[in-house]
Amino acid sequence: MNRNVTTPGRLSIWQAAFVIARRDFVAILFSRTFLFFLLGPLFPIVVGIAAGGIGQQVAAGVSDPVIGVAMEQADTEAMLAAREGLEQDLGTVLPPMEAISLPADGSPYDPQVQLAKSSGDLAAIITGTPTEPVLTATEDRAARWKGRVGLIAGTALAQGPPDFPNVATQTVATSGASEKRSRVTTAQIGQTLLFLLTMLLAGMVLSNLVEEKANKIIEILAAAIPMDAVFLGKLFAMLGVSMVGISVWGGSAAILLAFNPITAPLPEPAVGWPLFVTFGIIYFAMGYLLIGSVFLAIGSMAATVREVQTMSMPVTMLQLINFFFASYAMAHQNTAAEYAAIAFPLSSPFAMLARAAQQPEIWPHLAALTWQTIWVAIFIRLGAGLFRRRVMKSGPQGVKQRRWWQRKKPATQVAPSN
């Protein structure tokens, strides 16, 4: 039987879905909890800013590691002078160096003992002579500083820094390598933001559904409209609420950036900012409808919030794996990994948004959106069917519906006895 066929006095499935969507949208939008929902992302931002400020203070309080020079006085002065002369051309490539006095009584000097007892910034010690320098340090620092110490010692033997040729420079606005690397940054930020918004907002459908199941509101709605309409209405109502939240957060970010513009703006994506933002909104809608239909189906099988949390954990982990898969595909453009991420419906929005940041072609997005729309319809269809069977206990677990060939037998009339 076609559920879209209307009967006198009964709404069609799309009309009923619109009624449910409007009801849930207005109820959530004008509730007191929605304000706290909008303020929710501010707390991680405040914590992140505070942690960043503390991290900068900690980094400022930690000095760079220093190499000590424990040689005869003439050799030590030659090494420090060579390092100072090379610094004019090499900049901060060379680590800081300081002189270390040898024992006045002429006793043997052990750099390992001094490094073990040192509590400051001393990270390595050079002993011996400029002709045969000995670097004492940890394994990683010894490997990293060995060539630089040799350069300084060779310069000290030459009685002055070498005569480096004057290199003429020509600058360009950008290059292929720098543009590719910068677009990867935009793709990573876009993917991460899309994932966080999807996972943050998709969970709202669960709490709303469990609350209405506990209050028996679902049964009341099912008495008037089809259960498929309830599923569709709730799904699109939460999508509308999510769009309102994203608009508020995006507008607040735009206002903050207007008063405090960032010094290093995000690199422009390959398709341009207008199309990239448009694709981001569309791919968010697709990803939300896909994962939201899964969450609604899970909510139909759960009776309490604890059961919802237990059953939604595997879906959350699966979505996290999809995000990692799409991130891996982002670093392997035009390979089997990227095509697989685009073909798999749950990772397709993330992979295509990253592609929009890295490649300027438009037609792959049109094909991907068509493919995602097909899977959205499939997910909604399957989710609505499971929703209908589990919420109202119909189908195999509930009361069996009478088929067309199971005609109702007329009641037999018993003749009155005399």
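**A conversation about the model**

Modeller: The side chains of Q359 and Q333 make a polar contact at 2.7 Å. A polar contact is a pair of N or O atoms within 3.5 Å; within protein, one must be able to donate a hydrogen and the other to accept it, and residues adjacent in sequence count only if both atoms are side-chain atoms. This is a predicted model: local features need pLDDT of at least 70, side-chain atom pairs count only at pLDDT 80 or more, and totals for chains, interfaces and linings use all residues. Residues are numbered from 1 along each chain as its sequence is written, and side-chain values use heavy atoms, with hydrogens and water left out.

Biologist: Where is Q359 found?

Modeller: Q359 is in the loop between α14 (348–358) and α15 (363–391). Helices here are DSSP runs (H or I, at least four residues), numbered from the N terminus.

Biologist: Is Q359 buried or exposed?

Modeller: Q359 counts as buried because its relative accessibility is 12%. Buried means under 20% relative accessible area, exposed over 50%, and partly exposed in between (1.4 Å probe, protein chains only).

Biologist: Which residues is Q359 in contact with, leaving aside neighbours within four places in sequence?

Modeller: Those are A270, V271, Q333 and N334, where contact means heavy atoms within 4.5 Å.

Biologist: What about the phi of N334?

Modeller: N334 has a positive phi of about 60°, although it is not a glycine. Most residues other than glycine have a negative phi. N334 lies in the loop between α12 (305–330) and α13 (336–343), and counts as partly exposed at 44% relative accessibility.

Biologist: One last topic: why does I49 count as exposed?

Modeller: I49 is exposed because its relative accessible area is 61%. The place of I49 is in helix α3.

Biologist: And Q112, how far is it from T136 in space?

Modeller: Their C-alpha atoms are 7.0 Å apart, while the two residues are 24 residues apart in sequence. Q112 is found in helix α5 (residues 111–117) and counts as exposed at 56% relative accessibility.

Terms used: Helix = DSSP H or I, 4+ residues; strand = E, 2+ residues; numbered from the N terminus.
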